[in-house]
Amino acid sequence: MVDKTLELFECGHRACGGCGASSAVRMILKGAGEDTIVVSPTGCLEVFSTPYPETAWKVPWIHSLFENASAVASGIEASLKRQGRKEKVVVIGGDGATVDIGMLCLSGAFERNHDITYICYDNEAYMNTGIQRSGATPFDASTTTSPAGSCSMGNKHQKKDIPAILAAHGAPYVATATMAYPTDLMKKVETAVNTPGACYIQVHAPCCTGWGFDGSKTIEVGKLAVETGLWVNYEMIDGVVKKAKKVKRKPVEDYLSVQKRFRHLFKPQKNDEEIAKVQAIADRNAEKFGIDL
Amino acid sequence: MKQILEGSHAVAEATRLCRPEVIAAYPITPQTHIVEALAQMVADCRLQSEYICVESEFSALSACLGASAAGSRTYSATTSQGLALMFEVCFNVAGMRLPIVMTIANRALSAPLSIWNDQQDSIALRDSGWIQLYAEDNQEALDLHILAYRVCEDHDILLPAFVCFDGFILTHTYEPVDMPTQEEVDAYLPAFNPYQKLDAKDPISFGMYATPDYYLEFRYENQRAMLRTKEAIRKYGALFGEQFGRDYSGLVEGYKLEDAEVAIIAMGSICGTVKDAIDEMRADGKKVGLLKIRCYRPFPDEEIAAALSHIKTVAVLDKNISLGSKGAVALEVKDALYGSSIDVYDYILGLGGRDIRKKDIKAIVDLAEKGSGDMFYGLREELL
């Protein structure tokens, strides 16, 4: 058991008030413990935590580029192995760095099954550069490069299913979590870092700035994602879903209506047809993972 | 011990003797024989390294970056498209001051696709902050790897290096080489002692971002380290000479330059052809010499100016072209000789593996003597 009272991600960094990612990172390090080397790709987290000469990291930390964190982690793991060192290697990167530009390196590291844990804080768009669409942006979300307009309902595509893709690589442990359930998140991180081989956790990390909600509501929004079935918390052991959090599902409207990125579904008038499409995604999730209570 | 080895195998053996702890590489012609040989050494337990078969050159250098930051001596090899794919990582490695050594089996860049030799690939990375050494033959190629680790890992330097040798012309050619023993290399090259490393016992942050208040100074320190490298090469090159009998203290090396009127400047395997051509031209009474550039980064500007002070005419052989400008070597030679009365002519040649023979070198000297240069040499006019 790691000492969960340790604060390894120090306060005083430059994240927005109510940032879901920064809370997630604090919990991730409580789960991983102090014998951890963290690799971060370029992104919000890297920028708000390490403006030279300041750093929020009380564990060894390295940032190289946007798309190569998995490869850097592969090299660190190989080096530690050669030196007989036992630190855990944990990547913490955003969704753009993970599901889009870093996909090649990610796939390579998981195919080679390095003893690393890759954690994606998923805030569902490129937030650092100004809320542009990524492969993890949900259906119908309005972003600055998938804007809603008179002939657009926002993002046309569904989220890329990275957990399934990495499970298909043979990852021994794949999980999803949310910063809104910190105990569950810490437990999953602890499991991942203690599972030999390449493990993956995707963490739902609401972004008040990019999604358009008040920074005091981050946990509420995070919980609503789970309660509506638009985000499912589950674990996959050797490619098989073992545990998915069951919920008494709320309608997706409850989640969509509190975020400005979905405002076009409700204004100038409510678009029932489009909301039904989002509801269908939640329904499919519920069926696939058997989450309905 | 004298052995007859293919260039790639000579480099692989030299690399083994340097005891890299982590190797990450991706196959690309004509680099393949090097990484295959290293993989076999690991498979045969002749080399105790973690060998990562990555999925791209981009990941190869990224993995080396991580391994180096974690405290291991690392190695990779690539060429051409592979090096182009590493472009972003190259700048990053240099900026993070990680002393990675990488072999470049020089090859042309696409398009059109060409697997054959020129030096456009490494030249294109001239601004990346890597030391660049160019080998004339297989002996020099293997020696420069040992020298490179010694120089790069010096705590006053902490920079990465390319050891460049011409694809196919050297990589696939068998030559006799004098292979040092493990004991000799160990005596010359101490175990890797990282200046800083990722370590949970002493946590530090690597690769932070710098605001305009700090960035300029980081670049300045990088440039200072690069300039200090000249002295480090002189020092460790001389030490190499004392220990192995082959002196590499010079960033440049002259051949029959003392009484020459015309000097050829070149890098890499073409220097061998040039030397043979010079011998024949001298037999015909022409006073021609060669100034070989062994170290292209840092650029030996003062060394070139000093070596050529008595020369009237210089012909630079560039196996590259900075499109829209000139050959990259000639540009900097002109800068080094600025203010002198020396005529410098540039010849772009051998691109994409076009063979250069002694008669070509003689023809170029004739052109330079007539004041004709700054041109592509050997064009097939019927294709234009």
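In which hand does helix 3 of chain A cross helix 3 of chain B? The crossing is right-handed. The legends below cover this predicted model.

**View 1. Helix 3 of chain A packs on helix 3 of chain B.** The two helices span residues 69–83 of chain A and residues 57–69 of chain B. Their axes lie 6 Å apart, at an angle of about 45°. Helix 3 of chain A and helix 3 of chain B are therefore oblique to each other.

**View 2. Residues at the contact of helix 3 of chain A with helix 3 of chain B.** Helix 3 of chain A contributes A:Ala71, A:Val72, A:Ala73, A:Ser74, A:Gly75, A:Ile76, A:Ala78 and A:Ser79. From helix 3 of chain B come B:Ser59, B:Ser62, B:Ala63, B:Cys64, B:Leu65, B:Gly66, B:Ala67 and B:Ala69. By class, the contact has 10 nonpolar and six polar residues, with no charged ones.

**View 3. The side of chain A that touches chain B.** Chain A puts 38 residues into the contact, and chain B puts in 36 residues. On the chain A side, at least two residues each come from strand 1 (36–39), helix 2 (44–49), strand 2 (61–62), helix 3 and helix 5 (103–111). Helix 3 gives the most, with 12 residues. This side of chain A divides into 18 nonpolar, 12 polar and eight charged residues.

**View 4. Strand 2 of chain A pairs with strand 9 of chain B.** Strand 9 covers residues 205–206 of chain B. The pairing is parallel and runs over two bridges. A:Trp61 has B:Ser205 as its bridge partner in strand 9 of chain B.

Conventions:
Residues are numbered from 1 along each chain as its sequence is written. Chains are lettered from A and ligands numbered from 1 in the order in which they are written. This is a predicted model: local features need pLDDT of at least 70, side-chain atom pairs count only at pLDDT 80 or more; totals for chains, interfaces and linings use all residues. Axes are lines fitted to C-alpha atoms, for helices over the stretch in contact, and angles run from 0 to 180 degrees between N-to-C directions. Helices (H or I, at least four residues) and strands (E, at least two) are DSSP runs, numbered from the N terminus. Angles under 35 degrees count as roughly parallel, over 145 as roughly antiparallel, 65 to 115 as roughly perpendicular and the rest as oblique. A crossing is left-handed if the near helix is turned anticlockwise from the far one by less than a right angle, and right-handed if clockwise. Two residues are in contact if their C-beta atoms, placed from the backbone, lie within 7 Å. Ala, Val, Leu, Ile, Met, Phe, Trp, Tyr, Cys and Pro count as nonpolar, Asp, Glu, Lys and Arg as charged, and the others, Gly among them, as polar. Two strands pair if DSSP finds at least two bridges between them.
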